[in-house]
Amino acid sequence: MLEGNAAHYLNNVLRLKPGAHVLLFNGRDGEWSAEISGSSRKTCDFILKTQTRPQEPRQSLTLAFAPLKKTAMHFLVEKATELGVGTLCPVITERTETNRINLDRMQAQAQEAAEQCERLTVPGVETAQPLDEFVKAWPETDPLWMGDETGGGENLINALQAHSTGMTPTARHGFLIGPEGGFTANELASLDALHFVNRVDLGPRILRAETAALAALTCWQALLGDWQRLNQ
Ligand code: SAM
């Protein structure tokens, strides 16, 4: 049975009636064809038919970013979801402009984008945390690629290619993108002291945070991610 916004969407937005066919996913059991067997004002019942796609593995790609203003944040959440991010982590940096983060709205945006791009998992949205707590909790075995717009980083493609040798398919990677005002010198010094943090360069132009995040995710998917599947 489906409840809440999803049931409202089927019943009142799409106005689907019993007998209508839909595709369902829950992030664990793959995609299933189903027939609506009944609905009430707040629920929708189904008869499951067949599994139409097996469950894809949960993406091991984390994007940590300084929260952005509303429109840019929506754009970032939606596009990162389409690019296969597994977890979205808002991190509060010294120059973060906005501390008002609506996690429910971000999660709903991620859910909507996941449905639209037909992925079978929805990115998790973590509670915002200070940068130092985020890096303290980050597993030392997993690389954290930090966007460095000052030119002090390694070319991202070279860094990922060098790292990819011997990488297990489920290795967890993270990208860390700073705020509009960039990371402070203190933050850069603290991050440089961590062996698993790697400064990476996304070219000679200063990208907006959302652009940098999506460019980094694109490089990762093209080199190490599931885009390779399309070339088989
Ligand atoms: N002060 C500028 C601004 O207000 O747009 C630069 C900050 S930039 C928008 C925010 C973040 O994007 C940076 O902290 C960095 O993580 C990332 N970024 C931007 N351009 C980049 C580049 N060419 N290479 C690597 N990272 C970049």
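This is a predicted model: local features need pLDDT of at least 70, side-chain atom pairs count only at pLDDT 80 or more; totals for chains, interfaces and linings use all residues.
A polar contact here is a pair of N or O atoms within 3.5 Å.

| Residue | Protein atom | Ligand atom | Distance |
|---|---|---|---|
| E149 | polar side-chain atom | oxygen | 3.3 Å |
| R205 | polar backbone atom | nitrogen | 2.8 Å |

On its own, the ligand has 560 Å² of accessible area, and the protein covers 86% of that.

So who's standing around the ligand? There are 19 residues in the shell, and the closest are G147, E180, L202, R205 and L207. Sorted by class, the shell holds nine nonpolar, six charged and four polar residues. Two elements, β12 (197-201) and α7 (209-224), each supply at least two of the shell's residues.

Helix α7 also has a partner to meet. Its axis and that of helix α5 (residues 156-164) come within 10 Å and cross at roughly 40°, and the crossing is right-handed. On the α5 side, the contact involves L156, I157, L160, Q161 and S164. Facing them from α7 are A216, C219, W220, L223 and L224. What classes of residue make up this contact of α5 with α7? Eight are nonpolar and two are polar, with no charged residues.

Technical notes: Residues are numbered from 1 along each chain as its sequence is written. Side-chain values use heavy atoms; hydrogens and water are left out. A residue is near a molecule or strand if one of its heavy atoms lies within 4 Å of it. A polar contact is a pair of N or O atoms within 3.5 Å; within protein, one must be able to donate a hydrogen and the other to accept it, and residues adjacent in sequence count only if both atoms are side-chain atoms. Accessible areas come from the Shrake-Rupley method with a 1.4 Å probe; for residues, only the protein chains shown count as cover. Helices (H or I, at least four residues) and strands (E, at least two) are DSSP runs, numbered from the N terminus. Ala, Val, Leu, Ile, Met, Phe, Trp, Tyr, Cys and Pro count as nonpolar, Asp, Glu, Lys and Arg as charged, and the others, Gly among them, as polar. Axes are lines fitted to C-alpha atoms, for helices over the stretch in contact, and angles run from 0 to 180 degrees between N-to-C directions. A crossing is left-handed if the near helix is turned anticlockwise from the far one by less than a right angle, and right-handed if clockwise. Contact means heavy atoms within 4.5 Å.
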